[in-house]
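Dear colleague,

Please find the structure below, followed by a summary of what was found in it.

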Amino acid sequence: MLISITGKLGSGKSTVCNILKERYGFEIFSTGIINREFARSLGITTLELNERLKQDPALDKEIDGTVTRLSVEKKDEKLIFDSRMAWHFAKDTFKIFLTIDPMEAANRVMKNQRGAEEHYDSVEDACEGLLKRGKVERERFIQIYGVDYFDHNNFNLVVDTTSRTPDEIVNIIMENYESYCANVTSFVSPKVI
């Protein structure tokens, strides 16, 4: 069974994915890593990359195709998509959205700087930058795909991570994931029986 995790910037997606990998043996496919590496190769920030991708969504389309392909090829494996849009493109995933208070997100990002492509000088600067980048990403995906990844109705589970530890979040995810898996029904054609 596959999991797709998205959410607000700084909500702990990568941390949660890494714990799920360590504890439960999930493989991670992270589109954030791909985007940061691409921004780094161009010598620009992730916000600048998002602005460019609004005009030319070629990288988004390539990533989306990879997500769809992997969700089919690895449907019986333990795979997590750490991605803004995998919930929309991956087949048959347990869809999770992580939300967070913007100032707490800024505090977390300041403690875990990710290089020049995602650098902030203060918590206030980080909060403003994260909100702006989130707005640009949201608008970009609505423009390209006609869907809003901030709409909680698109997900099986929404978790506010503001005052929870990563371990608590993982426990909530796994409890709900197991219930989700238990309720998945397989249909067999009468011709097979």
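Helix H8 (residues 166-183) lies across S1, S4 and S5, and its direction is at about 150° to S4. Helices (H or I, at least four residues) and strands (E, at least two) are DSSP runs, numbered from the N terminus. Axes are lines fitted to C-alpha atoms, for helices over the stretch in contact (heavy atoms within 4.5 Å); angles run from 0 to 180 degrees between N-to-C directions. Helix H4 (residues 58-73) lies across strand S1 (2-7), S2 and S3, at about 165° to S3.

This is a predicted model, in which local features need pLDDT of at least 70 and side-chain atom pairs count only at pLDDT 80 or more, while totals for chains, interfaces and linings use all residues. Residues are numbered from 1 along each chain as its sequence is written, and side-chain values use heavy atoms, with hydrogens and water left out.

The five strands form an open sheet in the order S2-S3-S1-S4-S5, with parallel pairing (two strands pair if DSSP finds at least two bridges between them). Strand S2 (27-30) and strand S5 (157-160) stand at the edges with a single partner strand each, so one side of each has no neighbour in the sheet. From one strand to the next, the twist averages 20°.

S2 pairs in the parallel sense with strand S3 (residues 79-82) over four bridges; Ile28 has Ile80 in S3 as its bridge partner.

Thr99 belongs to strand S4 (residues 93-99). Thr99 counts as buried because its relative accessibility is 14%, buried being under 20% relative accessible area (1.4 Å probe, protein chains only). Leaving aside residues up to four places away in sequence, Thr99 touches Lys8, Ser11, Val158, Val159, Asp160, Thr161 and Thr162.

Yours sincerely

Technical notes
Buried means under 20% relative accessible area, exposed over 50%, partly exposed in between (1.4 Å probe, protein chains only).
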